[in-house]
Amino acid sequence: MNNYSQRPIEILLVEDNPGDVRLTREALKEYKMANKLHVVGDGEQAIAFLHKSGAYANKPRPDVILLDLNLPKKDGREVLAEIKEDDLLKQIPVVILTMSQLEEDILTSYDLHANCYITKPLDIAQFIHVVKTIEDFWFSIVKLPVK
Amino acid sequence: MIDNSMLRPVDILLVEDNPADIRLTREALKENKMANNLSVVVDGIEAMNYLRKKGKYAKATKPDIIFLDLNLPKKDGREVLAELKQDKDLKRIPIVILTSSQAEEDILKTYNLHANCYITKPVDFDQFLKVVQSVEDFWLTIVKLPPD
Amino acid sequence: MENSNIDSDAEGLLGESNEHFHDLFENMLEGVAFCQMIFDDAENPVDWIYLYVNPAFGSLTGLENIVGMHATEAISGIQESSSELFEVFGRVASTGQPESFEIDFKPSSLWLKVSASSPVKNYFVAIFENITGRKSMEEELRKSEDHSMMLADLLEKSSQPFAMRFLDGKMSIYNDAFCKLVGYTKEELVDFDALQLTPLEWVEREKVFLDELKDSGQSVQYEKEYIRKDGSRVPIEVFVNLIRDDAGQPKQYYGFYTDITERKRMEQELQLKDFAFKSSITPETIANMEGFITNVNDSFVKTWGYESADELIGMRMSMCHADPNESNMVIETAEKSGFWSGEYIAKKKDGSTFIAMAQKSLVLNKDGNPIALYTAAMDITDRKRAEEELRIRAKIGEILLIENDEEMFDEVLRIVLETLESEYGVFGYLDEDGALVEPTMTRQIWDKCQVPDKRFIFPRDTWGNSTWARAIREKRTIYSNISSENIPEGHIGITRHISIPIIHQGNVVGLVQVANKITDYTTDDIEMLELIGNMVAPILDARLQRDREGKMREIAENQLKGVLQNLMRSNRDLEQFAYVASHDLQEPLRMVSSYVKLLERRYKGNLDADADDFINFAVDGAVRMQALINDLLLFSRVHTRGKEFEVINFEDVLATATNNLRMQIDENEAIITHDPLPTIMIDRAQITQVLQNLISNGIKFHRDEESPRVHVSAKENDDEWTISVQDNGIGIESQYYDRLFIIFQRLNEKGKYPGTGIGLAICKRIIERHDGRIWLESEPGTGSTFYFSIPKNLKNTTSTIEANLLEQL
């Protein structure tokens with residue numbers, strides 16, 4: 001893998017649980033490749049971030065979105081739908097990272113073209129392991145679309 | 001994490017025209033501990049038939065995941081992708097593009113067509129093993145696949 | 001008028017011949033009155049009674065029918081007006097002594113001589129004589145005596161010399177002034193011979209005047225000179241007349257003499273002035289207050305184109321002006337303020353005009369009254385022309401600075417039309433094909449020329465034989481004040497025109513034409529136009545050059561573009577080739593490599609050692625091939641995948657590179673250090689590549705005894721930055737410096753140091769894309785320092801051009 005000119009990977013984490021945010025951040029820190037974590041706490045902010053509106057005017061476009069489903073203000077499913085309908089945003093891989101194990105949530109998410117659906121493990125160590133796997137897979141193995 | 005999807009072997013559909021690559025993939029998958037059933041179709045038409053259970057594929061099982069090459073005879077992989085992702089019965093199936101192309105246009109296009117992820121087949125076999133392993137690890141253990 | 005005294009014995013007389021006396025009295029011319037005196041109580045005479053008056057009395061006094069009346073009754077107011085009568089008559093009547101006296105008798109306004117006597121006491125007789133005539137004569141005589149005394153006095157006291165002499169020259173009467181004039185005293189002139197006073201040379205002349213006087217009896221006036229006592233001459237003017245005796249013979253001359261020394265002097269002055277006037281080179285005239293020329297000098301005559309002064313004298317001053325009204329205004333001003341100075345259009349004898357500058361001033365006499373208007377004038381046509389030229393030069397100079405060609409040409413044409421008072425004009429230049437380009441024409445030509453094809457460019461072969469074409473070909477001015485006869489359809493009628501080729505250093509660079517001035521074009525006009533042409537010539541030439549250069553530059557640019565396109569194409573081809581090659585090569589390579597590896601995995605341990613070796617070599621080959629292909633791809637993509645230059649902090653670049661080399665750095669325990677690094681304009685990804693490559697090499701080629709150290713620093717020059725990457729590695733011999741950067745050249749045996757050998761070639765290509773240079777210094781056994789320079793003012797234009805051309809390709 002040629003990383004001659006890697007710029008840091010931009011990750012957008014849409015998560016309202018501060019604990020999970022913290023864990024994700026810790027897991028990402030250890031990652032061998034440069035990455036930058038952006039966090040928004042609700043669906044509206046997520047959309048604003050992606051549209052670069054208001055306070056998010058100078059924010060970069062994320063290479064990957066880690067999206068929780070149950071969010072205040074705007075629901076994660078809505079956010080997913082909006083992203084995957086937007087011609088400019090739909091290429092961004094969206095990893096649904098949620099507590100829910102409900103079948104309907106899984107189905108809805110895949111229907112709405114989520115790239116993959118992952119349930120957050122309760123165990124912290126597991127959680128970190130999951131994040132690392134996500135990292136490994138999406139940042140090393142997978143080819144992400146170039147902006 | 002143990003979950004339901006682990007209890008039965010994972011059905012993988014490989015859409016690939018290069019026999020050498022097919023063999024490689026098969027061997028790579030064998031290396032893995034995970035139980036899986038690999039079905040192979042060699043062109044785009046066959047792929048659609050299989051998934052639609054047409055003709056000789058009437059008894060085919062719906063795959064849990066599709067590994068899709070792009071450059072296929074008869075029907076191009078991109079077309080297959082597009083069709084599948086528009087088919088309400090089939091669109092949920094995660095499609096992993098597994099191709100030798102590194103072309104940015106291909107990457108972008110396939111993501112636009114809602115490919116779940118795009119992987120370039122590494123030249124190095126060890127890498128290839130790693131990749132396949134990674135794919136398995138991720139998609140077959142971490143990720144929640146859509147239930148039937 | 002004899003006094004007739006009557007005897008005092010009146011009674012007797014009366015009594016005796018009453019009738020005789022009565023007749024006598026009745027016919028006497030003198031007035032007689034016989035009266036009785038009335039005294040008051042104080043014996044003062046207060047009145048008288050008229051007892052008898054004769055008719056003469058009546059006519060002399062104007063009193064009628066007064067017999068028996070009191071005087072106070074008969075003559076009202078007599079007491080007041082002639083009170084002395086009462087006294088005298090009273091005295092005569094009472095004393096009996098006769099008296100006579102004169103009285104101005106107011107009631108009848110007569111002077112009367114009264115003789116009163118008293119024949120009988122208290123009675124008197126008065127005889128009246130009318131002496132009015134005599135009285136007035138006496139009065140006259142007295143007056144004239146006074147008069148002549150006054151006259152004599154006046155003459156004597158007068159400052160006007162006056163003298164009388166007899167014909168023989170003896171002086172008779174002379175006054176002080178005369179004495180002063182001739183310098184003799186009164187006494188000296190007593191027996192003086194006045195003829196001495198006249199110098200010899202004047203005698204003849206004087207004789208003529210004196211003869212005239214004798215013959216005509218009219219006084220004469222002439223000039224002469226006197227010799228004074230001291231021998232000096234004094235010019236005088238003489239007014240002479242004759243006094244004749246009763247027989248009419250000339251007796252004496254009398255004369256009034258005026259010393260005209262002053263006058264003579266003034267006359268001389270005037271003569272001098274006149275001379276100066278006449279001979280002055282400044283045209284001068286004098287006109288009277290009615291505006292007629294009274295005097296004019298030769299210079300004026302000549303300047304105004306006349307033959308002699310006579311032609312002008314008596315002519316109205318205003319005839320010398322082109323506009324007589326203007327002249328009148330000027331004269332008015334001069335008369336009001338005493339002075340006028342300014343320019344006007346003068347008119348010569350032949351009617352032609354020129355510009356004159358004049359000063360007029362009123363000439364005043366001694367009393368300060370204007371008597372003439374003096375004019376000094378100059379033909380300033382030349383000066384005016386020089387001024388005009390200067391003005392035109394300045395204007396044109398300004399105009400030629402205008403950058404916009406169309407504007408400049410328009411302005412020049414406007415000036416030309418204005419200066420030459422022409423209706424139409426054309427102004428153009430020759431392009432380097434020799435065609436006449438007319439960027440500007442007067443609007444009328446544009447509008448009026450209904451020629452369907454209003455061409456502004458006239459290729460040389462279409463010129464034909466029109467005036468302007470000939471002017472250009474023959475390199476000379478062509479002009480005409482005669483209307484052109486055959487006017488092509490749709491063109492305007494030209495009455496007068498000038499066509500001038502604009503010549504610069506012997507070559508015709510343009511053309512200017514004017515037409516349809518109301519009056520004829522003069523040589524001055526032609527000169528002016530030529531002047532303008534000359535001024536504009538260098539500019540036209542310069543523009544022509546510029547056009548030529550512009551064209552050449554265009555050609556050069558096109559060629560360059562072509563070259564660039566070729567270059568781009570070849571880069572693209574290279575990249576495509578490399579891509580295709582690599583892609584197509586990769587697949588079989590992958591097969592080889594993968595299956596060999598699979599073999600390895602599957603049968604490791606189950607094969608002999610040789611087989612293991614074989615497998616290793618095979619795999620190794622494949623791996624290296626892979627790396628080579630990747631590097632080739634990178635190499636080919638340097639230009640075509642290059643991004644726009646951005647301002648980047650070099651320290652970030654170093655951080656990224658170091659990060660990417662983390663594994664290599666850690667494995668080799670390498671230490672990377674750096675100095676403060678600048679912010680410069682670069683393609684971030686590519687320079688990161690370079691830095692990474694150089695650092696990686698620095699680590700890779702380390703000496704066994706030391707852990708690798710790499711130091712990155714930067715140096716600023718005037719127009720570039722030089723980055724250096726210094727290592728403490730094995731070093732490179734100088735003979736190999738050049739080969740380093742060539743693709744695939746390896747200096748060490750295969751296998752000792754990993755690497756494809758393309759790295760530095762890629763670096764060089766990248767640096768060259770940045771218009772920089774890459775080189776090294778090295779000491780075998782000590783280390784190497786790689787340098788690369790990045791110019792400061794990197795522009796993105798090249799890449800934009802590249803991008804554009806890329807699209808076109």
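Colleague: Taking a salt bridge as a side-chain nitrogen of Lys or Arg within 4 Å of a carboxyl oxygen of Asp or Glu, how many are there between chain B and chain C?

Modeller: The count between chain B and chain C is zero, although the structure holds 58 salt bridges over all chains. This is a predicted model, in which local features need pLDDT of at least 70 and side-chain atom pairs count only at pLDDT 80 or more, while totals for chains, interfaces and linings use all residues. Residues are numbered from 1 along each chain as its sequence is written, chains are lettered from A and ligands numbered from 1 in the order in which they are written, and side-chain values use heavy atoms, with hydrogens and water left out.

Colleague: And how many residue pairs are in polar contact across chain B and chain C?

Modeller: The rule finds one such pair, with both residues at pLDDT 80 or more; a polar contact is a pair of N or O atoms within 3.5 Å, where within protein one must be able to donate a hydrogen and the other to accept it, and residues adjacent in sequence count only if both atoms are side-chain atoms.

Colleague: What area do chain B and chain C bury between them?

Modeller: About 1,500 Å², with 48% of it on carbon and sulfur atoms, where buried area is the accessible area (1.4 Å probe) that two parts lose on being put together, summed over both. On the chain B side, B:L24, B:V123 and B:F125 lose the most area to chain C, together 37% of what that side buries. In terms of contact (heavy atoms within 4.5 Å), 17 residues of chain B meet 17 residues of chain C.

Colleague: Which residue forms a salt bridge with C:E237?

Modeller: C:E237 pairs with C:R263, the closest N and O atoms being 3.1 Å apart. Because C:E237 lies in strand β9 (residues 233-244) and C:R263 in helix α10 (residues 261-279) of chain C, the pair ties together parts that are 26 residues apart in sequence.

Colleague: Where do C:E139 and C:R142 lie?

Modeller: Both are in helix α7 (residues 132-157) of chain C, three residues apart, so they are separated by about one helical turn.

Colleague: Last one: what kind of surface patch do C:L599, C:Y603 and C:L607 form?

Modeller: They form a nonpolar patch with about 260 Å² of accessible area together. Patches are made of residues with over 30% relative accessible area and no salt bridge, joining like charges within 9 Å and nonpolar side chains (Val, Leu, Ile, Met, Phe, Trp, Tyr) within 5 Å. C:L607 sits in the loop between α18 (523-603) and α19 (609-640) of chain C, and at 35% relative accessibility C:L607 counts as partly exposed.

How values were computed
Accessible areas come from the Shrake-Rupley method with a 1.4 Å probe; for residues, only the protein chains shown count as cover. Helices (H or I, at least four residues) and strands (E, at least two) are DSSP runs, numbered from the N terminus. Buried means under 20% relative accessible area, exposed over 50%, partly exposed in between (1.4 Å probe, protein chains only).
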